[in-house]
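Here is a guided walk through one model. Start with its pocket, then follow the helices around it.

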Amino acid sequence: MPSQKHVLTPEQLALSAERKRRKAEASASASASSAQRTPNPIFSRSWLVSTGANPSDSRHKPSEQTTIMSWNMLAQCLVRRELFPTSDCLKASQRENMIFHEITTSGADVICLQEVDRLEKLGPVLSSAGYSFAYSSGPRKKHGCAIAFRTDVYKKVAEQTVFYDEAELHSEGPTAQFRKGSSFRTRNIGFIIALERLSAEDQHIIVATTHLFWHPRYTYERARQALVLTHSVCEFKEKNNLQASPSFLAGDFNFNPSDAAYSLLVGDPLTPQQAADIEASRVVHVSIDPSIPVAGPKQAADDDEESGEVEQKNDTGPIIKNARQAGDGDGLLAPWEFEKQFAQLPTLRSAYDEWGSVDEKRIFASREIVPADRRGRSEPMYTSYTHYWKTTLDYIFVMLPPGRTLKVVAVLEPLAKEDFGAGLPRKGVCGSDHVALLVKIAWPTEPIEGEDTCISHPK
């Protein structure tokens, strides 16, 4: 006789669903409370506050102030022992309490996070700490970007995901690929939200976060993605009638202050070397043109970030492969065209650079020469520090509306080289391979007539 399959009754199904719900709630509650009960110690960092930093001075009455954090959390799906051979905390159970503790004790009004995975763990932690959040990711990505905000300060009124692979640089052109002008399908995104202050419905801020393409040799593609993000923020503000609102672009930009994309964003002219770097990376990858012969058995190592990160961390000089030089029909911009397009957009300012630290143990200019007439000298010496990878990649940029003077009231002190030990992640220091950036910024609620658009650090 054939066996009969047991069928649950509706009452049994309901009881099973209820047990699963209670189990999920208990797990979420445990995740949220564990970060508060047993936080692993992290490196103590001081706020650098100028004695003259008074956000309520006469030029800022009435004024608005916000505290913004940006942090690449290091997605657990990207963790490999071979990438971090000197780390002493690579398991999720070792890192997460440190990460959750750093986030929930930051005091930030807005938190921009990159390489976000394990949302079932992070979400309840943010909620229990008084934050709501929005999340987005690229197609088939195992991690993405999130923006959290204090629910007693802001509410979200709009959001938009910017898919870099689909964005167009040219309004006209013979093909869709020409109009995009891209060199590599990276699946990276930008994520933009508009926040309304609960205490004043007419006061808004725009917050964008991103994680740009990782490959060190693809200078062109990072410059393209930075251009797309800046342009998208401007369009987003216009679409939502928020042109007068301050904007903050924060994240892991995967370039250092001497990179072409940094100079383009902050309005510095390209140096000959930066122009040469763009030219050298004006290529078309096989992810764009499938007819290109693949020079090896593993195309995935170039196409997939989760695999590509291995090459980045282990190879100090990865090369461009599986690509051809771009032609006139591919739509890629020349260096001078980048300068022209960026010149039509608002110039950004980096909060840490504008703060203007001169602490030689902590600034970028102490490890790489930056001419006095160029920006980037006072960026942190390192924002990512591992056995293989030691550099500055993370920024909080400010886009100013007309007639507003923003003041950097305070910044969280960068770490000095000796603070990192043998490399991150590290117990007692940081649960990620990146360190968090945190700034306090103030601005007048109304444009000041005759005021130039600028950002200042009150000495």
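Helix α7 contributes the most residues to the lining of the largest pocket, namely four. This is a predicted model, in which local features need pLDDT of at least 70, side-chain atom pairs count only at pLDDT 80 or more, and totals for chains, interfaces and linings use all residues. Residues are numbered from 1 along each chain as its sequence is written, and side-chain values use heavy atoms, without hydrogens or water.

The largest pocket has a volume of about 700 Å³. Its lining counts 35 residues, and the closest to the centre are Pro 216, Asn 256, Ser 258, Asp 259 and Asp 277. Elements that give two or more residues to this lining are α5, α6, α7 and β14 (390-391). (A pocket is an open set of points on a 1 Å grid over the protein atoms alone, where a 1.4 Å probe fits, with protein on both sides within 12 Å along at least five of seven lines; lining residues have an atom within 4 Å of a point. The volume is the space filled by probe spheres set on the points, which are joined across faces, edges and corners. Helices are DSSP runs of H or I, at least four residues, and strands are runs of E, at least two, numbered from the N terminus.)

Now turn to α6, residues 260-266, which holds Leu 265. Leu 265 counts as buried because its relative accessibility is 3% (buried is under 20% relative accessible area, exposed over 50%, partly exposed in between, with a 1.4 Å probe and protein chains only). Beyond four places in sequence, its contacts include Ala 226, Phe 255 and Phe 342 (contact means heavy atoms within 4.5 Å).
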